[in-house]
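Visitor: I have a model open and want to learn to read it. Please take me through it feature by feature.

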Amino acid sequence: MKHRSFEISRRRLLQFSGATALASVSGQSLAAPASDPRFLMIILRGGVDGLTMLPPTGDPDLAGIRGQMNEFPTIPLDGFFSLHGAMPTMGELWEQQQLIGFHAISTPYQDRSHFDAQNVLENGLAHPDGSADGWLNRALALRPDSARRGLSVGAGTPLIMRGAAPVGSWAPSQLPVAEPTLVDRLIPLWAKDPLLARMLPQGRELQAMTGGMGGDTSSGRMAGLLDQVGQLMARVDGPRIVAMDSDGWDMHGTLLFHMNRLSADLDQGIARLRSALGESWSQTAVLIVSEFGRTVEPNGTGGADHGIGGSALLLGGAVRGGRVIADWPGLRPGDRIAARDLRPTADLRGVIAAALADHLSYSPTEIGETILPGFTTANRLPELFHRML
Amino acid sequence: MNRQMDAAIATVRFGMGARPGEIRDAASDPRGWLAAQMANPAPATLDMKSLEPSHELVSQLQVAVRTDAIPGVVKLLRQVYRPQYVREAVVRTGQAITTTSSFHERWVHFWSDHFTVTGKKPVIVGLAGGFEREAIRPNVGGRFVDLLLAAVRHPVMILYLDNARSFGPNTPAARYRNGGLNENLAREVLELHTLGVDGGYDQADVRSLALMLTGWSLSPADGNGSGGRFHFHATAHEPGERHLMGIRYADDGVGQAEQALRDLAAHPATARNIARELARHFVSDTPSPDVVTSLSRTFTETAGDLQQLALALLDIQEAWAPLTKLKTPDELVVSTMRGVGANGSNEATLNALVELGQRPWMAPSPKGWPDTAEAWITPDRALRRVDFGAAVAERVATMPTDPVSRAREMMGELYGRDTITEISRAESPRQALALALSAPEFQRR
């Protein structure tokens, strides 16, 4: 694997981590330690284009390769990487050292099917099949009270949250609420159906928690949803491990238009999440990932096709941010996989395992045997989170 | 054999839920009742026949792009496509609620989902209905290969999976338009429509099919009403022979990809892929390998005759086991409205689908909607299902005098004894109806 001079980004991060550690002694550590950590996982479905979300603007090949598709506003980060300009909140978080970018990263899946790639991202294994449950569910199953602590936001439950541990699920509703006496009568009937048995009582608990929550969520857009998710996660009895989807990132055409639209919505969502979380923001980490990236070269239709190497963002008050972590492989045809995809140089499980170990306090055994079978926790990326006291 | 039980299963498993009187109608010969629907489906509603053809709607898009670029498209979405979507969705749901051939209607929905186009891509919002009406509905009684060709050639699929602007890299069109290859359609054809993800193809096959498909595009809008239709642009078609799954395809213009699709339709991996999907939909979330093998064999032996395939489902013993499948939100809403004898659909019906998490033609991806229970049932959604049942019961004007027989009209013998007891003890006929519609049995098919 080639290492061009761009590996400065990695070296620079080592310098940064010293600075960050200092900052955490002087400022951050005065905030409440992450004794009650919150973890939100946002899955951008479709394969976000990393060269637009977190463009390597310092790579001399980028502009030539991307052409017109490289012409959009950016927010400079570390001199090599930038953020898409429609994400000012993320830029602010960067300034406050609460955001880490990851680039040239992927799950162990090295092919280009959305659905297989999403399975690998969510089942926590090295291959698409072989598990009908998700790694967040397995993590929740290791602690008591999973039905309160785990929450899946939106229609249906994605694989990452499916499994043996009961978890909550929530989406805003406009339907009139049924008479409680009707539900009382139904609970014993539903109890006889194994699949349905636990649903109504758990639904009631959730209803009690979210009661009366309205807001501008009918469109299902991220900004409105993340506001409400923040309100839920801020509660003393609220959920602590939350997964939600954002659709529409499979941009085979008109990529710049759609990136601008969806990135701005996501960014506003993060702003509203932060403000809804209030004090709890300091104990929060948000991991924004996608099943893969997109081809280095634009396709013929102002977009890019499915490609293996991608990008991710980790942000929040619990994150030791202000850096982009990437062992940058370069963009030239010879640097890529099959002369088309950005070559991943990091395993996304290294970030996930860090969140599990250093933010949510799971043990290496729990991680390596149950949550991410086969992954060695010692190989996680170090120092992504403030030390918990 | 319990014919009463089979009649109920015929209406709720194979059909879309019993309308009043249907279980009685099916009772003398449940299988024959279903088979007759396939042979002679009831005609589509008049509302459906009055909807605009796709090529007109696509032409408007072409004009908007050409004259006003993105602002033009945004305006078209707001002023034409969104209202069109609502009309289409109301008509589709109304058709499902009122049809007397609901096995056939389920068959249409099944294949529509197999060839998903979704409004998650904004320009498809106003077009997905037309795609289903034109590419799917008329072809579900024929052979799979014809359905496949109709779906892949349809202008809305061409737009949805970006083939309209996929140009052979060495063609005049690519140079003139400064464009190139887009492999989206080719990949989904292999992964979803035909062979399946484990069907044995690789990246070279994807690229090869994508190159063969270059030129499969749309006729330009010219003011004479000939725009927005399937059109083969020879100047965008990459010349040269190709190989796909070990077969050589001479360069034959539009015929090259067409022959490739014919061969894909006949490939054993396609038979297996379709058989798996059918078994999961009509038998259970985890059908036995034997069922899949047997359906796969029927697919191959009949050369993909979809009518024979539908009839083969009726001969599978396991497909007559009661209530193995959880209803999706769409199935719940349609069967509820059928159960109360609704005479159509409206925007309130659509709102219910939004609340329960399954708006028509808004599947998250080209893979379509999940077809297994765990994707659809969560505590929050469970309560929402009860809220919906109660809300419908609230709106029914005439309450049954005998709530238990009313419930039996909807589910026959499929309700358990405890549920029947609870219905008979309800505090009011309205609550009895709400119980029948929200009972655990009614969540299943």
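Visitor: How many salt bridges does the rule find across the interface of domain 1 of chain B and domain 2 of chain B?

Guide: A salt bridge is a side-chain nitrogen of Lys or Arg within 4 Å of a carboxyl oxygen of Asp or Glu. Across this interface the rule finds two salt bridges. Elsewhere in the reading, Glu331(B) and Arg106(B) join their side chains in a salt bridge, 2.7 Å from N to O.

Visitor: What conventions apply?

Guide: This is a predicted model, in which local features need pLDDT of at least 70, side-chain atom pairs count only at pLDDT 80 or more, and totals for chains, interfaces and linings use all residues. Residues are numbered from 1 along each chain as its sequence is written, chains are lettered from A and ligands numbered from 1 in the order in which they are written, and side-chain values use heavy atoms, leaving out hydrogens and water.

Visitor: What is the mean pLDDT of chain A?

Guide: pLDDT is the predictor's confidence in each residue, from 0 to 100. For chain A the mean is 87, and 87% of its residues reach 70 or more. Residues 1-33 of chain A fall below 50, yet this stretch has 46 contacts beyond near neighbours in sequence. A contact means heavy atoms within 4.5 Å.

Visitor: Where do the domains of chain B lie, and how far apart are their centres?

Guide: Domain bounds come from an automatic or database domain assignment. Here it gives domain 1 (46-320) and domain 2 (323-443). Their centres, over C-alpha atoms, are 31 Å apart. In contact are 35 residues of domain 1 and 31 residues of domain 2.

Visitor: Which residues have the most contacts inside the largest nonpolar core?

Guide: In soluble globular proteins, nonpolar side chains tend to be buried together. A nonpolar core is a set of buried Ala, Val, Leu, Ile, Met, Phe, Trp, Tyr and Cys residues joined through side-chain atoms within 4.5 Å. Buried means under 20% relative accessible area (1.4 Å probe, protein chains only). The largest core has 155 residues, and Trp107(B), Trp111(B), Phe115(B) and Leu209(B) have the most contacts inside it. Both domains of chain B give residues to this core, so it lies between them.

Visitor: How much area is buried between chain B and chain A?

Guide: Buried area is the accessible area (1.4 Å probe) that two parts lose on being put together, summed over both. Here it is about 4,600 Å², with 63% from carbon and sulfur atoms. The contact takes 56 residues from chain B and 52 residues from chain A. Six salt bridges are counted between the chains. Arg185(A) and Glu422(B) form a salt bridge at 3.2 Å, N to O.

How values were computed: Buried < 20%, exposed > 50% of the residue type's maximum accessible area, 1.4 Å probe, protein only.
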